[in-house]
Structure formats: structure tokens, C-alpha cells
Amino acid sequence: MKIWVDADACPVVVKEILFRAADRTGVQLTLVANQAMNTPPSANIRSVQVPRGFDVADDEIVKRIEAGDLVITSDIPLAAEVIAKGGHALSPRGEMHTRENIGARLNMRDFLDTMRSSGVEMGGGPAAFSQRDKQTFANSLDRFLVKFAG
């Protein structure tokens, strides 16, 4: 089992939690982004830089993952592709995407996109990343690692 990170939009505090988890568990962690990523020196942590472009990092992750791998992403379509390949998807806010909930999340995302494109004002985007989000992510990651990497 490996952990892949859709790293362009991943909060720094989440990356730091992942760095510590990779070193603690020995699980291979790979950050995929269209810019250079600073990672601590570790045999378990690496980064892959992809060219700029729409969904280039997402496509690279989907190409490389195997069944059982974990992908950290807030991108719902990427999470759906990961699940379809037998992987697991966890948002940086600690929400596990599953076969049971991904369809509803895709539908809601598409509905909101349609509303925005028709001119409906949808507000200012997601709330700022909070201490509670950080703790929820860390707890969800720990539960996952105990279940699948232990």
C-alpha cells in the first residue's frame, strides 16, 4: 500500500502529518504536483513534478495507483477514479470517500457547477482550514493506517 497526494492544493499542515506518518509507518508517500515540492529527507517520501495543465497531476495519480493505495485529495472526480480502480480516497479535511458516498458527492459537485455556470452566486468557497480539520484528518489517517498498513 502506498499513499499518493494531490499536492498542488493540499494544505501544508496535512503534508506535515503525512510526512510524519510515512516515517512512522514506513509507508511510501508520493506527492504529485505541477510545481517543485519541498519534502524532508526520507527514504519513504518522494515527489513527482508533472507539467502544468488541467488534471495533469490527477491523471498521473490515476495512472500510477494500484488497488489498495490511498490518495489524499479534495478533488471529487479524482476520488471517484481512485475508488473505481480499487483505491481509497481521503480528503484533507478527513472525509473518506467511498463507493457508497462518491456518487452523491459527484452529483452535488455537478449540480453546484451547473448553478455557478448559470450565474447563481454560490458564496465564497470552502471554509478556511481549521485546527479541527487538521485533527479530523490526522485521526482518519491513523484509523486507515492501522486498518490497512499494519
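Which residue forms a salt bridge with Arg-93? The partner is Asp-133, and the closest N and O atoms of the pair are 2.5 Å apart. A salt bridge here is a side-chain nitrogen of Lys or Arg within 4 Å of a carboxyl oxygen of Asp or Glu. Arg-93 lies in the loop between β5 (88-90) and β6 (96-97) and Asp-133 in helix α5, so the pair ties together parts that are 40 residues apart in sequence. Helices (H or I, at least four residues) and strands (E, at least two) are DSSP runs, numbered from the N terminus.

This is a predicted model, in which local features need pLDDT of at least 70 and side-chain atom pairs count only at pLDDT 80 or more, while totals for chains, interfaces and linings use all residues. Residues are numbered from 1 along each chain as its sequence is written, and side-chain values use heavy atoms, with hydrogens and water left out.

Now look at how open the two partners are. Arg-93 is partly exposed, with a relative accessible area of 26%. Asp-133 is buried, at 15%. Buried means under 20% relative accessible area, exposed means over 50%, and partly exposed is in between (1.4 Å probe, protein chains only).

The structure holds four salt bridges. Another of them joins Asp-142 and Arg-24, with the closest N and O atoms 3.0 Å apart. This pair links distant parts of the chain. Asp-142 sits in helix α5 (residues 131-148) and Arg-24 in helix α1 (residues 12-25), 118 residues apart. Asp-142 is partly exposed, with a relative accessible area of 34%. Arg-24 is exposed, at 55%.

The side chains of Arg-64 and Glu-60 meet in a salt bridge of 2.6 Å, N to O. Both residues lie in helix α2 (residues 56-64). They are four residues apart, about one turn of the helix. Arg-64 is partly exposed, with a relative accessible area of 31%. Glu-60 counts as buried, at 14%. Lys-63 joins in too: Glu-60, Lys-63 and Arg-64 are linked in a network of salt bridges.

Next, turn to the nonpolar interior. A nonpolar core is a set of buried Ala, Val, Leu, Ile, Met, Phe, Trp, Tyr and Cys residues joined through side-chain atoms within 4.5 Å. The largest core has 24 residues. Which of them touch the most other members? They are Ile-3, Val-5, Leu-18, Leu-29, Ile-72 and Leu-141. The elements that give two or more residues to this core are β1 (2-6), α1, β2 (28-33), β4 (70-72) and α5. The largest share, six residues, comes from α1.

Take Ile-72 as an example. Contact means heavy atoms within 4.5 Å. In α1, the buried residues are Val-14, Lys-15, Ile-17, Leu-18, Phe-19, Ala-21 and Ala-22. The buried residues of α1 pack against β1, β2, β3, β4 and α5. After α1 comes Gly-26, whose phi is positive, near 80 degrees.

Thr-30 is found in strand β2. Thr-30 is buried, with a relative accessible area of 1%. Leaving aside neighbours within four places in sequence, Thr-30 is in contact with Ile-3, Trp-4, Val-5, Arg-46 and Val-48.

Thr-73 is found in the loop between β4 and α3 (76-84). Is Thr-73 buried or exposed? Thr-73 is buried, with a relative accessible area of 1%. The side chain of Thr-73 reaches the backbone nitrogen of Asp-75 at 2.9 Å. Leaving aside neighbours within four places in sequence, the contacts of Thr-73 include Asp-6, Leu-78, Leu-90, Pro-92 and His-97.

Finish at Asn-38. This residue lies in the loop between β2 and β3 (45-49). Asn-38 counts as exposed, at 76% relative accessibility. The C-alpha atoms of Asn-38 and Glu-100 are separated by 35 Å, and the two residues are 62 apart along the chain.

Notes. A polar contact is a pair of N or O atoms within 3.5 Å; within protein, one must be able to donate a hydrogen and the other to accept it, and residues adjacent in sequence count only if both atoms are side-chain atoms.
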